[in-house]
Amino acid sequence: MSIASTTQQICFLVLSATTVVGSLGVVLLPNIVYSAFLLGGVFLSVAGLYLLLNASFVAAAQILVYVGAVNVLILFAIMLVNKQETLAAIPGLLVRRLLSGAVCAGLFALLLRVAFTTTWALPGPTPVGEEATIRIGEHLFTDYLLPFELASVLLLMAMIGAIVLARRDVFSTDVITGEPADQGLIEKDRTPLLIEKSAPAPTLLSKP
Amino acid sequence: MSTDLASPIPLEAFLSVAAMLFCVGVWGLINSRNAVRVLMSIELMLNAVNINLMAFSNYLDGQLIRGQVFAIFVITVAAAEAAVGLAILLSLYRNRETVDMERFNLLRW
């Protein structure tokens, strides 16, 4: 990093403050659309922290994958499931929040204690700086080749799985009768397994 | 500009930010009623782990930057997890017509 040290410190303070405040906003804001956009801000600040850590390639990957793909995916999911519903009150919600908050504060204190009491082997080797991308490429094609290939298989499996889980209307033939069956009609015709409905569902499949 | 060997930011500062991010993620994971927010909290926790990996990679493993390679794999797995998680969420919403986590209690003991 060839920036003056004071500039680095100011950048770190700003980025970490944005990260922490943004993550609190993601968790605490009542409107989930604001949460999703704040999550994008958190991802961008984390990418800035990566730049401070001499990792330009991972910062670019973070922006491409998280801000460009994951955050947009979350926004699409919010649009698709956007139903305004009044959540039923739960007994003991405040107690539960306070208890989990205490547990998380304890975890935070523990992590801070570990971070500050461990004697790290500092100063370590000199960081490679701008050669990091070359080193990552060498790692990915020599000693981390098998995880790299497995990651491609994992991404393919995730893609196929997401399509299979999220598709709605599939025209295919019924296994038993051999008649063409519409997946959407089957879902409507079947007695609702999960929804508590008072009226019986209309039978659409019995018609030819 | 001079490239000083000792970084002006201590390693513990990065670890503290990552710990804070992780704890906020855990709190959101436990307390969110909306299923999409639960997925966002998981992303926060994965980012906290990534910050830790990158900090250790820069400060303690500056020549063989293995932490950065691990961070890339974590990003890959996070992308796959987000896609499958949101597909599961869509399927759940189609079946139960809600995203309230308290009503997904089919497996409750």
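About 8,000 Å² of area is buried between chain B and chain A, and carbon and sulfur atoms give 73% of this area. Buried area here is the accessible area (1.4 Å probe) that two parts lose on being put together, summed over both. The residues B:Trp27, B:Arg37 and B:Arg94 supply 9% of the area that chain B buries against chain A, more than any other three residues. The structure is a predicted model, in which local features need pLDDT of at least 70 and side-chain atom pairs count only at pLDDT 80 or more, whereas totals for chains, interfaces and linings use all residues. Residues are numbered from 1 along each chain as its sequence is written, chains are lettered from A and ligands numbered from 1 in the order in which they are written, and side-chain values use heavy atoms, with hydrogens and water left out.

In terms of contacts (heavy atoms within 4.5 Å), the interface takes 88 residues from chain A and 80 residues from chain B. Across it, 14 residue pairs are in polar contact, both residues being at pLDDT 80 or more. A polar contact is a pair of N or O atoms within 3.5 Å; within protein, one must be able to donate a hydrogen and the other to accept it, and residues adjacent in sequence count only if both atoms are side-chain atoms. On the side of chain B that touches chain A, the elements giving two or more residues are helix H1 (11-31), helix H2 (35-59) and helix H3 (66-96) of chain B. H3(B) gives the most to this side, with 25 residues. Helices (H or I, at least four residues) and strands (E, at least two) are DSSP runs, numbered from the N terminus. By class, this side of chain B has 50 nonpolar, 17 polar and 13 charged residues. For this count, Ala, Val, Leu, Ile, Met, Phe, Trp, Tyr, Cys and Pro are nonpolar, Asp, Glu, Lys and Arg are charged, and the others, Gly among them, are polar.

Over all chains, there are four salt bridges, each defined by a side-chain nitrogen of Lys or Arg within 4 Å of a carboxyl oxygen of Asp or Glu. Between chain B and chain A the count is one. A:Arg96 forms a salt bridge with B:Glu102, with the closest N and O atoms 2.9 Å apart. A:Arg96 lies in helix H4 of chain A and B:Glu102 in the segment after H3 of chain B, so the pair joins two chains. A:Arg96 is partly exposed at 34% relative accessibility, and B:Glu102 is partly exposed at 22%. Residues are classed as buried under 20% relative accessible area, exposed over 50% and partly exposed in between (1.4 Å probe, protein chains only).

Within chain B, B:Arg33 forms a salt bridge with B:Asp100, the closest N and O atoms being 2.9 Å apart. B:Arg33 lies in the loop between H1 and H2 of chain B and B:Asp100 in the segment after H3, so this pair ties together parts that are 67 residues apart in sequence. Both B:Arg33 and B:Asp100 are buried. B:Asp61 forms a salt bridge with B:Arg66, where the closest N and O atoms are 3.0 Å apart. B:Asp61 is buried, with a relative accessible area of 15%, whereas B:Arg66 is partly exposed at 36%.

The largest nonpolar core has 68 residues, and those with the most contacts inside it are A:Val58, A:Ile74 and B:Phe14. A nonpolar core is a set of buried Ala, Val, Leu, Ile, Met, Phe, Trp, Tyr and Cys residues joined through side-chain atoms within 4.5 Å. The elements that give two or more residues to this core are helix H1 (5-28), helix H2 (32-52), helix H3 (56-80), helix H4 (93-117) and helix H5 (132-141) of chain A, together with H1, H2 and H3 of chain B. Not counting residues up to four places away in sequence, A:Val58 touches A:Tyr50, A:Ile136, B:Met54, B:Gln68, B:Ala71, B:Ile72 and B:Ile75.

Chain A has seven helices and two strands, in the order α-α-α-α-α-α-β-β-α along the sequence. Of its 208 residues, 28% are buried. A:Asn54, in the loop between H2 and H3 of chain A, has a positive phi near 60° in a residue other than glycine. A:Asn54 is buried at 12% relative accessibility. A:Lys83 lies in the loop between H3 and H4 of chain A and is partly exposed, with a relative accessible area of 37%. Contacts of A:Lys83 are with B:Tyr93 and B:Glu97, not counting residues up to four places away in sequence.
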